[in-house]
Amino acid sequence: MNALIVGVAGTHSTGKSTFCEELKHTLEAKGVKVATIPSFGRLAVEQGIPLLTQHTYDSTMWFIDRTLEAQGLACSSAEVVLVDRPILDALAYWNAATDYRQAPASTGETERVYALVSGRLQEYCAIVATKLDTSIPLGPKRDNNLLFRELVDSHLHRLLESQAISHQLLTPAAKGSLMSSLSNQLLSQLGYK
């Protein structure tokens, strides 16, 4: 089965998971088989994998590997796979972490991660990117380092622009229209009436 993969990217507490859940319900109401790939943050904490401001090359590759593995498994049984934190997010978080710590990554590591991410992005039929709105309160038990959240948001949008990655912007004001247009796009691609 050739599932349609949608990536929903952005810094934490910007509405990604809520959007994925609502899109999943919308599509399932039409009879579509949907799988959701959640963030691997909790698993990373359990396994002692560095994250947030402590992201490293190795932890970035760990997140990318987990996401790609989960996507592959989900594609075997779903028509649509919603990825809450696509591989692009791992790169944005790593760039933000190295910027935050003022400890640039080596050129070789950077080239390897960029090559891997850019080589796999064509698997996504749509990329949705949130935009940080600091007036929206953080979710419970979320990292409240505003500077780091802003860096992640900045690096994500810089990546989208510099790599010319086609994407749709998710903001609170645009959520309803984006939900409608994206669900219609997916239903049409799947041949649903």
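This briefing describes the cores, helices, aromatic pairs and selected residues of one structure.

The structure is a predicted model, in which local features need pLDDT of at least 70 and side-chain atom pairs count only at pLDDT 80 or more, while totals for chains, interfaces and linings use all residues. Residues are numbered from 1 along each chain as its sequence is written, and side-chain values use heavy atoms, with hydrogens and water left out. Helices (H or I, at least four residues) and strands (E, at least two) are DSSP runs numbered from the N terminus. Buried means under 20% relative accessible area, exposed means over 50%, and partly exposed lies in between (1.4 Å probe, protein chains only).

**Nonpolar cores**

- A nonpolar core is a set of buried Ala, Val, Leu, Ile, Met, Phe, Trp, Tyr and Cys residues joined through side-chain atoms within 4.5 Å. The largest such core has 36 residues, of which Ile64, Val81, Leu88, Val113, Val117 and Leu121 touch the most other members.
- At least two residues of this core come from each of β1 (4-9), β2 (34-37), α3 (57-75), β3 (80-84), α4 (87-101), α5 (107-120), β4 (124-130) and α6. Helix α3 gives the most, with 9 residues.
- A second, separate core has 19 residues, including Phe19, Cys20, Val80 and Leu182.
- Leu88 is in contact (heavy atoms within 4.5 Å) with Val117, Leu121, Leu156, Leu159, Leu160 and Ile165, leaving aside its neighbours within four places in sequence.

- Helix α1 (residues 16-28) has 13 residues and reaches 18 Å from its first C-alpha to its last, close to the 18 Å expected at 1.5 Å a residue, where the expected span is 1.5 Å times one less than the number of residues.
- Within α1, the residues Lys16, Phe19, Cys20, Leu23, Lys24 and Leu27 are buried. They cover an arc of only 135° around the axis, which puts them on the same side of α1; the arc is that of the directions from the helix axis to the C-beta atoms.
- Helix α3 has 19 residues and reaches 27 Å from its first C-alpha to its last, close to the 27 Å expected at 1.5 Å a residue.
- The N-terminal end of α3 is capped by Thr56, which has a side-chain oxygen 3.3 Å from the backbone nitrogen of Asp58. A polar contact is a pair of N or O atoms within 3.5 Å; within protein, one must be able to donate a hydrogen and the other to accept it, and residues adjacent in sequence count only if both atoms are side-chain atoms.
- Thr67 lies in α3 and is buried, with a relative accessible area of 5%. Not counting residues up to four places away in sequence, Thr67 touches Phe40, Val83, Arg85, Pro86, Ile87 and Tyr124.
- Leu73 also has its place in α3, yet Leu73 is exposed, with a relative accessible area of 59%.

**Aromatic pairs**

- The structure holds 4 aromatic pairs. Rings of Phe, Tyr and Trp (its six-membered ring) pair if their centres lie within 6.5 Å; planes under 30 degrees apart count as stacked, over 60 as edge-to-face and the rest as tilted.
- Tyr93 and Phe148 form an edge-to-face pair, at 5.9 Å centre to centre and with 65° between the planes. Tyr93 lies in helix α4 and Phe148 in helix α6, so this pair ties together parts that are 55 residues apart in sequence. Both Tyr93 and Phe148 are buried.
- The rings of Tyr100 and Phe148 have centres 6.0 Å apart and planes at 80°, so this pair is edge-to-face. Tyr100 is in helix α4 and Phe148 in helix α6, 48 residues apart.
- Tyr100 is partly exposed, with a relative accessible area of 34%, whereas Phe148 is buried at 0%.
- Tyr93, Tyr100 and Phe148 form one aromatic cluster.

**A buried aspartate**

- Asp153 is in helix α6 (residues 146-162) and is buried, with a relative accessible area of 6%.
- A polar atom of the Asp153 side chain lies 3.0 Å from the backbone nitrogen of Leu132.
- Leaving aside neighbours within four places in sequence, Asp153 is in contact with Thr11, Thr130, Lys131 and Leu132.

**Loop residues with positive phi**

- Ser13, in the loop between β1 and α1, has a phi near 60°, a positive value in a residue other than glycine. Ser13 counts as buried at 15% relative accessibility.
- Leu52, in the loop between α2 (41-47) and α3, has a positive phi near 55°. Leu52 is partly exposed, with a relative accessible area of 23%.
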